[in-house]
Structure formats: structure tokens, C-alpha cells
Amino acid sequence: MLTILREEQFDDFYQLMKDSFPIDEYRPCQKQRTLLSHPLYQIYVYEKDQELAAFFAAWEGLHFIFLEHFAVKASFRNGGLGSKLLQTFLKQQAKPVVIEIEPPEGEIEKRRARFYERNGFILSQWGYVQPALAKEQSPVSLVLMSYPNPLQEQEYLSFKDWVFKHVYS
């Protein structure tokens, strides 16, 4: 069901990323492409009818998985596919999973938080400002959610140190 991204799928993956996230929340194309060889980074894809329908971009930390990006192509949304794929992804992980979301203040952000809560994630009180991913981009305020257990303060501090060292360095 979920497979590892193949090089020839990169352009479709990157287009789905661009279609799914604000520009400040993903890397420029070449920076993203160079991550494909990073030993802690992996992109999992789901294809339907020979079309890239969804992806998960994840980092593996010592004590957790950081699910940095998850998207379902618009034409495949609203049929339960996102929840089904997320549950499949979570079952394949031997470590807790941490995600970042924008603070759930607006309607879209609240809907996103509820989606993750329905899928077992717990909103934490902790967050940070993601640094700009490129010169022309802006920093983004984010809060953390975790699965399957609430994030404790020491876990948050450990995760934050790790993510700024390995992902946002």
C-alpha cells in the first residue's frame, strides 16, 4: 500500500507538496530533492490508478518519528483515504510519532487539528517557530501533536533540540 518514493516520482510528489502546503512550509525544489539521500529522511507514497494520490515525508529520530509532511491529492480527499493511510502509516511505526501544525485558531487549522485528533494524535501545549526554509520564505509558528501518548515536557525539549539540529539546521 505505502511504498518508498522512486526518483521518477519526485516531480509528482513535489507538485502535490506545492498544491497542499503554504510556500513557507516546504523547501525549494532542489533542497527537497537533496533530502532524498539523507539517512534519517524517507518519503512514503500511495498510488491509485497509476497516480500519486498521497505521501508521507518523515524523519527518524532516536526516540520518535517526525512526520514533517502528509498530503492527499485534492481529487482523492473527503472519502476517508487520508485517515486510512494515516492509520496504516502509524501502525508501521515502532516509535511515537510527532507532527507540527499551525496553531488551531482559524477554521482550517481547527479542522486539521480535529482530523489528527480523530486519528489518535494529542495536541500539546508546546510549539516553536519554524525558521524560514529558504531566503524568500518566512518563519512559521507551529504547535506539536503526538501519537499515541501526550507529549511530556522532557520529550518536547528533546524533540525540539533534535529537530532544530537535524531538520532545520
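Analyst: The answer below starts with the rings and then moves out to the rest of the chain.

This is a predicted model, in which local features need pLDDT of at least 70, side-chain atom pairs count only at pLDDT 80 or more, and totals for chains, interfaces and linings use all residues. Residues are numbered from 1 along each chain as its sequence is written, and side-chain values use heavy atoms, with hydrogens and water left out.

Start with how ring pairs are described. A pair of aromatic rings is given by the distance of the centres and the angle of the planes. Rings of Phe, Tyr and Trp (its six-membered ring) pair if their centres lie within 6.5 Å; planes under 30 degrees apart are stacked, over 60 edge-to-face, and the rest tilted. The count by this rule is 19 aromatic pairs.

Now take one pair. The ring centres of Tyr 128 and Phe 164 are 5.2 Å apart and their planes meet at 80°, so this pair is edge-to-face. Tyr 128 sits in strand β6 (residues 122-130) and Phe 164 in helix α5 (residues 153-166), so the pair ties together parts 36 residues apart in sequence. Helices (H or I, at least four residues) and strands (E, at least two) are DSSP runs, numbered from the N terminus.

Tyr 128 is buried, at 7%. Phe 164 is partly exposed, at 28%. Phe 164 also pairs with Tyr 168, edge-to-face again, with 5.6 Å from centre to centre and 70° between the planes. Tyr 168 is buried, with a relative accessible area of 10%.

Stay in helix α5 for one more residue. Phe 159 lies in this helix. Its relative accessibility is 0%, so Phe 159 counts as buried. Contact means heavy atoms within 4.5 Å. Leaving aside neighbours within four places in sequence, Phe 159 is in contact with Phe 64, Phe 66, Val 98, Tyr 128 and Leu 144. Tyr 128 is therefore both a ring partner of Phe 164 and a contact of Phe 159. Tyr 116 is 43 residues from Phe 159 along the chain, and their C-alpha atoms are separated by 19 Å.

Tyr 116 belongs to a ring cluster. Ring pairs link Tyr 116 with Tyr 44, Phe 56, Phe 70, Phe 89, Phe 115, Phe 121 and Tyr 147. Tyr 147 has another feature: a cis peptide bond joins Tyr 147 to Pro 148, with omega at about 5°. Pro 148 lies in the loop between β7 (140-147) and α5.

Most residues other than glycine have a negative phi, and most peptide bonds are trans. Two loop residues have a positive phi. Phi is near 55° at Asp 49, in the loop between β2 (41-48) and β3 (51-60). Asp 49 is exposed, at 66% relative accessibility. At Asn 78, phi is near 70°. Asn 78 lies in the loop between β4 (65-72) and α3 (81-91). Asn 78 is exposed too, with a relative accessible area of 84%.

A loop residue can also be covered. Gln 9 lies in the loop between β1 (2-4) and α1 (10-20), yet Gln 9 is buried, at 5%. Not counting residues up to four places away in sequence, Gln 9 touches Ile 4, Val 45, Glu 47 and Leu 52.

Now step back to the whole chain. The protein chain has five helices and seven strands, in the pattern β-α-α-β-β-β-α-β-α-β-β-α. Its radius of gyration is 15 Å, close to the 15 Å that the globule rule gives for 169 residues, so the chain is as compact as a globular protein of that length. That radius is taken over C-alpha atoms; the rule is 2.2 Å times the number of residues to the power 0.38. Buried residues make up 44% of the 169 residues. Among contacts between residues at least 6 apart in sequence, 63% join residues at least 24 apart.

Key
Buried < 20%, exposed > 50% of the residue type's maximum accessible area, 1.4 Å probe, protein only.
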